[in-house]
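Keep the sequence and the 3D view open as you read.

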Amino acid sequence: MDNLGEAYCNLGMELFEAGEYERSVQNLIKAFEAGYRKEDILEHLYACLVLPNEDEFRNNYSVNCLEISQLPYENLSLDFIPVSERKFYIFDREQQKFQGIFELEEEPVQGKETEFQSVLYTDLWDIREVLSDWKEREWDTVYLVLNELEPKFASFLKLPRFKELYLQKVVAFKNERLMYAFFEYYNEFYLPKTLISSQSQKYLSLIKELHGKRIHCAQKERKNIFLSVCIPSYNRGSVALANVKRILQCPYDMEVEVVVSNNGSTKDTEGYQEISEMDDARIKYHEFSENQGYATNVIKVLEMAGGDYAVIASDEDFIILEHLQEFLSYIRANMNGGLFVAGGIGPNMRISQNIIHKSGSEAITAAMNLNYITGITYNMKLLHEIDAFRFIASMRGNRFLEPYVHMVFAMLAGKYADFHKAEILLWDARDKTEPGQEKKNGILSYMFPENRIIQCKEVLEILQKGLLVNGEDFISFFLERFQKTYYLLQLAYTAFEDLKRNYTWEDICFYLYRENMKYINEFPFMLTVEGKERLQELAKEIFLEYLCREALLSGLSPEERRKKEVLHQLIKIELEGYGGSIIKSSYRFLAEFIGKEESFLLACEEEAVTHSHIIAYLHEMYWKDVEAKKNMDIEAWDA
């Protein structure tokens with residue numbers, strides 16, 4: 001063994017003389033570990049490589065140790081033998097043992113995946129053991145309890161830029177007593193949710209105790225709330241109570257709050273009383289003395305929100321707690337986003353892939369289709385920066401804003417920042433009847449064509465006056481909104497028999513088309529002649545597309561279906577401006593369909609009635625605006 005140690009030592013010395021310092025140190029360490037002239041080898045390494053850099057090590061430590069360790073430099077137990085600017089061999093003076101190599105990173109360590117949680121390591125000194133994890137996961141904060149291993153861990157602070165490269169998100173404690181005191185006093189720091197320790201039960205008990213103190217300490221100001229879960233509620237106290245209890249089962253304390261506003265409920269109120277009396281600092285509760293309407297209640301919960309982000313939810317939709325951390329991590333990774341939505345179990349709530357709608361017209365368009373409130377998450381700092389609440393107040397009474405104020409907030413956020421849809425199953429949303437909706441013949445009030453048109457025009461007013469979109473974007477919004485109005489009325493018409501008893505589908509389409517044309521004639525932006533004609537042509541295409549939808553013909557008898565098809569054919573012929581003969585059978589079906597007397601049917605068979613006469617009858621049947629009718633040119637009524 002002595003011969004082998006001597007060989008390593010001799011080679012090491014030769015390599016040192018030749019300037020090959022790394023190979024020299026490798027061989028000298030092998031000689032040391034073989035037990036050959038250990039004191040001489042250490043003396044050589046210290047004299048040639050450690051002591052010449054001692055002043056630099058001291059300076060590095062004085063910079064790096066701030067807020068990490070208060071140990072005197074002399075108490076550090078590891079020394080570093082440099083073989084290049086970034087590479088060091090570690091020697092443990094206490095154990096008189098070499099502990100391998102440490103090579104500094106070129107850039108600060110940053111994880112690939114953002115985690116919305118902190119991690120606690122105890123009794124850790126060798127940072128190499130955790131580097132692979134830190135490169136994979138970007139923890140919110142890394143907490144270290146060093147105990148008797150502090151002299152070893154703190155030794156790494158001798159290395160240049162060590163704090164900058166490795167410890168930007170690290171908080172180190174000398175012992176668990178100081179850790180406990182820190183979290184007890186500074187409640188804005190989130191408790192670690194992941195623990196890596198040989199004494200896990202001990203530290204879990206401490207964290208559980210701290211969590212309990214935080215949620216039952218109502219006197220202390222809550223800082224650094226990340227997410228406010230906002231629940232506007234009315235006449236569903238028992239459901240709201242169950243929802244709140246569910247949310248409070250989450251492991252978070254300072255990270256999350258629950259905001260509930262009772263909109264002057266007169267039924268099922270006991271649950272609200274229990275919420276208001278809960279001994280949990282995470283709850284904010286408000287109660288109106290009487291119903292203020294949907295919009296006011298939504299605005300109230302958002303005004304009360306103290307979180308950086310606020311998610312609004314129906315009182316009967318429950319968060320799937322197992323996926324909440326994933327959603328919070330997604331937001332943390334995309335904090336410049338203005339709007340976030342996660343999917344759920346329920347009608348039209350599933351999101352199949354992550355999607356980012358870019359700020360501006362793309363995000364605004366997507367936000368205008370967020371009919372259902374549950375899951376819409378706002379960047380509250382952004383809403384306050386753009387003075388969104390002041391704008392909402394200025395638009396109160398707008399017939400789109402009142403039932404869809406959550407969408408107007410979303411549109412405002414989308415103008416300035418990206419809109420994220422996350423493929424995360426976060427909500428358990430059941431079918432429900434919307435509370436407080438006025439009904440007529442079993443139909444929700446907003447389903448009537450007249451009310452849909454009002455909403456369509458008034459959201460365009462919001463776009464024009466509040467979001468100040470340019471003319472080109474406004475035209476796109478205009479077309480999208482009118483097309484969406486046809487679509488929504490088609491859904492209602494196919495679902496509600498009461499609507500069919502009030503209108504024919506042709507009634508609805510003609511009404512929408514007429515209102516569409518009126519809006520184009522009074523368009524709020526200047527249009528060229530060609531631009532106006534193009535808009536009219538597009539409006540006609542949308543009208544014909546929805547008039548002839550297959551979904552509206554399904555369920556009809558073959559005879560009724562053919563009558564409808566003939567009617568739609570005649571309308572299309574007239575609108576598209578070309579003539580042509582119509583076969584006798586079509587006249588017969590049409591005559592039977594419109595219920596004219598026998599003489600009309602006979603005239604049809606004798607071809608004494610032209611298609612213009614039939615179109616004139618269609619005008620009488622569907623063109624119900626009296627003033628427009630007076631000046632209407634039957635032969636070119638759509639011009």
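A residue counts as buried when its relative accessible area is under 20%, as exposed when that area is over 50%, and as partly exposed in between (1.4 Å probe, protein chains only).

What you are looking at is a predicted model, where local features need pLDDT of at least 70, side-chain atom pairs count only at pLDDT 80 or more, and totals for chains, interfaces and linings use all residues. Residues are numbered from 1 along each chain as its sequence is written, and side-chain values use heavy atoms, with hydrogens and water left out.

**The chain as a whole**

The chain has 639 residues, and 52% of them are buried. It carries 27 helices and 20 strands; helices (H or I, at least four residues) and strands (E, at least two) are DSSP runs, numbered from the N terminus. Its accessible surface is about 30100 Å², with 48% of that belonging to carbon and sulfur atoms; accessible areas come from the Shrake-Rupley method with a 1.4 Å probe, and for residues only the protein chains shown count as cover.

As for confidence, pLDDT is the predictor's own score for each residue, from 0 to 100. The chain averages 87, and 87% of its residues reach 70 or more.

**The nonpolar cores**

In soluble globular proteins, nonpolar side chains tend to be buried together. A nonpolar core here is a set of buried Ala, Val, Leu, Ile, Met, Phe, Trp, Tyr and Cys residues joined through side-chain atoms within 4.5 Å. The largest one has 90 residues, and those with the most contacts inside it include Tyr 378, Phe 409 and Leu 460. Helix α21 supplies the largest share of this core, 10 residues. Apart from it lies another core of 38 residues, Tyr 190 and Val 244 among them.

Leaving out residues up to four places away in sequence, Phe 409 touches Ile 299, Leu 302, Tyr 378, Leu 383, Ala 388, Phe 389 and Ile 392.

Now back to α21, which covers residues 505-521. Its 17 residues reach 25 Å from first C-alpha to last, close to the 24 Å expected at 1.5 Å a residue; the expected span is 1.5 Å times one less than the number of residues. Of those 17 residues, 15 are buried, so the helix is largely enclosed by the rest of the structure.

**Some single residues**

Val 256 sits in strand β11 (residues 256-262) and is buried, at 3% relative accessibility. Beyond its near neighbours (up to four places away), Val 256 touches Arg 222, Ile 225, Leu 227, Val 229 and Arg 282.

Gly 346 lies between β15 (339-345) and β16 (355-357), and its 30% relative accessible area makes it partly exposed. Glu 221, in the loop between α9 (200-215) and β10, is exposed at 55%.

Some pairs sit well apart along the chain; here are their C-alpha distances.

| Pair | Apart in sequence | C-alpha to C-alpha |
|---|---|---|
| Gly 346 and Asp 317 | 29 residues | 9.5 Å |
| Val 256 and Ser 228 | 28 residues | 5.8 Å |
| Glu 221 and Glu 188 | 33 residues | 9.3 Å |

Which residues other than glycine have a positive phi? One is Arg 161, with phi near 60 degrees, in the loop between α6 (150-155) and α7 (162-166); Arg 161 is partly exposed at 38%. Another is Asn 235, at about 60 degrees, in the loop between β10 (227-233) and α10 (237-247); Asn 235 is buried at 17%.

Terms used: Contact = heavy atoms within 4.5 Å.
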